[in-house]
Amino acid sequence: MNALHALRSTVRGQVWLPGESTFDIARRPWNLAIEQQVDAVVEAADGADVVALVRYARTAGLSITTQPNGHGATGRTGGTILLRTRRLDTLRVDPATRRARVGAGVSSGLLQAAAAPHGLTGLPGSSPVVSVAGVALGGGLSWFGRAHGWVADSVTAFDIVDAEGGERHVTADTEPELYWALRGGGGSFAIVTALELALHPAPSLYGGRILWPARHAPAVMDAYRTITATAPDQLTVWLDLLHFPGAEPMVTVDATYLGDPNEARELLSPLDRLPSPLSDSRQPMSVAELGAITAEPTEPSAGLSHTELLTELDDKAVRTLLDDPIEPLLSAQLRHLGGALARPSDSPHGPLTEPYALYMFGLPTDPARAEAVTARQRALADALPTSGSKPFTFLNPSESVADAFTPDVVDRLRDIKHRHDPHDMFRANFSVRD
């Protein structure tokens, strides 16, 4: 413990140690269902603090696990120093070059707010509070992935601290292998302190959520399949079966369209021929307002998730999803993929050729409920036409890199890990060494 107490004279940022009154709050991940044991927590003041921490840990024979706020945590952190990067908050947008420089602690929502006044967008997912860097390291699926591919495909450079405490600027030209691994292979190779990425034109955006009682789910699903069968890459449509505690089950369609609102309304017109919805929030909107569509929680909470990639959404798959209530799940969300996501990508995952992703989520309010949620997730997964692969960014704590990547890719990632961090200084949520 003496070595850990010396952290306070090593870094200028805040340090939390076991036994202190706020340590348990500092070490907790975003998903409160995950128990995350660590030896200490450090919130770096800046990049120089990260350098000092890595050099200290290297001398002391310690490992570091990096989390801006703990999205994607797996609990595989025993014996590590937990590094929080929230104060690495550099954010600069260059509208002339359509580029942004983003610190490791910057959230997706903040990037969107900075890009929107220039008619530009990053590649945000459904939540505005996740970090841009964390999403990119996991590959990243976005509202605009059908138009622009993986989030990682837009990253042009990384600023890192390596396992010896050296600062490096990594690009496709300077270090192509490490650059490849960081664009979707996780945080096993270095600590990313900032990244540079391409922004995309977004002169207009139309989007929102339509909500119906669940009794209309078959008709909504029919319209959903009709729309997604011919959707242009600029249109993204998700369908969500919802059952909140104490409420009647519902079905929603969430949509975004990068283009003229009139075009969007025509593309989504099959939804207008359905029974009157309970609510309809579709309207022209700013790319800074995307988080309001699904209104995901912005504070830590407990949850159990499971994702599958579907090879098709045929009549049998629809019956599997609709014939029985999703309870005890809170949500079963279908995301339409395809478009640019299915085209070549020089990233660890490569092209995402499956047309749909199914994301299943439930609340583990007690052990019996937790088991019921996971059993329902397994039953649905076993009954649906799945590919067996998972997006790395959607892995849950029971899974590993082998569930996301082919054996050849895993071997390549492990080789890069061995060359850049042979002593496993950096412990990612999903280690390529496992």
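Biologist: Why does Thr 171 count as buried in this predicted model?

Modeller: Its relative accessibility is 14%, and buried means under 20%, so Thr 171 falls on the buried side of the cut-off.

Biologist: Where is Thr 171 found, and what is it in contact with?

Modeller: Thr 171 lies in the loop between β9 and α7. Setting aside neighbours within four places in sequence, its contacts are Thr 156, Ala 157, Pro 176 and Tyr 179.

Biologist: Then let's turn to α14. How do you know that its span agrees with its 14 residues?

Modeller: Helix α14 runs over residues 407-420, and at 1.5 Å a residue it should span 20 Å. Its end C-alpha atoms are 20 Å apart, so the two values agree.

Biologist: And which residues of α14 are buried?

Modeller: They are Val 409, Val 410, Leu 413, Ile 416, Lys 417 and His 420. These cover an arc of only 125° around the axis, so they sit on the same side of α14. Pro 407, Asp 408 and His 418 are exposed on the other side.

Biologist: Good, now the whole chain. How many helices and strands are there?

Modeller: The chain has 14 helices and 19 strands.

Terms used: Residues are numbered from 1 along each chain as its sequence is written. This is a predicted model: local features need pLDDT of at least 70, side-chain atom pairs count only at pLDDT 80 or more; totals for chains, interfaces and linings use all residues. Side-chain values use heavy atoms; hydrogens and water are left out. Helices (H or I, at least four residues) and strands (E, at least two) are DSSP runs, numbered from the N terminus. The expected span of a helix is 1.5 Å times one less than its number of residues. Buried means under 20% relative accessible area, exposed over 50%, partly exposed in between (1.4 Å probe, protein chains only). The arc is that of the directions from the helix axis to the C-beta atoms. Contact means heavy atoms within 4.5 Å.
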